Amino acid sequence: MARNKYPEETVKKILDVAQELFMTKGYERTTMADIVDNLGGLTKGAVYHHFKSKEEIFEAMFERINAPVVEKIERVAADPGLTGLEKLRAFDRISAASGAAEMWRAVSPASDPVKNARLLAQEYADALQTARTYIEPAIREGVADGSMQVEYPREAAEVILLLANLWMVPLFHPAESEDEYYRRAEVLLRVAHALGVDLLDPGQADA
């Protein structure tokens, strides 16, 4: 069997088709067969050579969509002119403007964590990785520069990210109303404050 000389193009095509299907049909109603059928002659074997499941395709698609957000966060993290607290607040603004919540609503995976255990596990792992890669270092910088007083930087970073990525985002724990969502946001801010991290900009508090 001939080797694929352009695997990057094949992966891009698979992700392009899957993204269109996920965004129009929804995650639950899209099957691997749907993805293969819309690839214009690409075989089922070629798809499974790169991705073993629909979950793997979704994870790769989300990583691709989120790449510009990661780039912005990395630029902020490397900025020597910002305090640790300013970096955290910038991370929060970048994440809020990313459009991820709208993407999740369009894709609308089932909110049952047992049914979508793999997605939940991936979100959990990603939250912890992000906490240790970006949030914890920023908190430690904040402690060093005096912009924060946090006794346990790693644990504070993990708690904040787990709440923000698993509890706030309506993937596995949908809010019943907009008011409930804003109550969760207020609780998240209070928890972060209790840990020594004031995520809310003074200007936002006055708005």
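In the predicted model, Glu 56 is partly exposed, with a relative accessible area of 24%, and its salt-bridge partner is Arg 118, the closest N and O atoms of the two lying 3.6 Å apart.

The side chains of Lys 87 and Glu 141 meet in a salt bridge with an N to O distance of 2.7 Å. Lys 87 has a relative accessible area of 3% and is therefore buried, as this value falls under 20%, whereas Glu 141, at 31%, is partly exposed.

Within helix H1 (residues 7-25), Lys 12 and Asp 16 are 4 residues apart, about one turn of the helix, and their side chains form a salt bridge at 2.8 Å, N to O. Lys 12 counts as partly exposed at 47% relative accessibility, and Asp 16, with a relative accessible area of 32%, is also partly exposed. Salt bridges that share partners bring Arg 64 together with Lys 12 and Asp 16 in one network. In the whole structure, the search returns 11 salt bridges, among them the three pairs described above.

Helix H7 (residues 117-145) also packs against another helix, H8 (residues 153-168), their axes coming within 8 Å and crossing at roughly 135 degrees. The crossing in which H7 passes H8 is right-handed. On the H7 side, the contact is made by residues including Leu 120, Tyr 124, Ala 127, Leu 128, Ala 131, Ile 135 and Ile 139, together with charged residues such as Glu 123, Arg 132, Glu 136 and Arg 140. On the H8 side, the contributors include Pro 153, Ala 156, Ala 157, Leu 161, Leu 162 and Leu 166, as well as Arg 154, Glu 158 and Asn 165. By class, the residues of the contact of H7 with H8 comprise 13 nonpolar, 2 polar and 6 charged.

Methods:
Residues numbered from 1 in each chain as written. Predicted model: local features only at pLDDT ≥ 70, side-chain atom pairs only at ≥ 80, totals over all residues. Heavy atoms only, no water. Axes fitted to C-alpha atoms, helices over the stretch in contact; angles between N-to-C directions. Helix = DSSP H or I, 4+ residues; strand = E, 2+ residues; numbered from the N terminus. Left-handed = near helix turned anticlockwise from the far one by under 90°. Contact = heavy atoms within 4.5 Å. Salt bridge = Lys/Arg side-chain N within 4 Å of Asp/Glu carboxyl O. Buried < 20%, exposed > 50% of the residue type's maximum accessible area, 1.4 Å probe, protein only.
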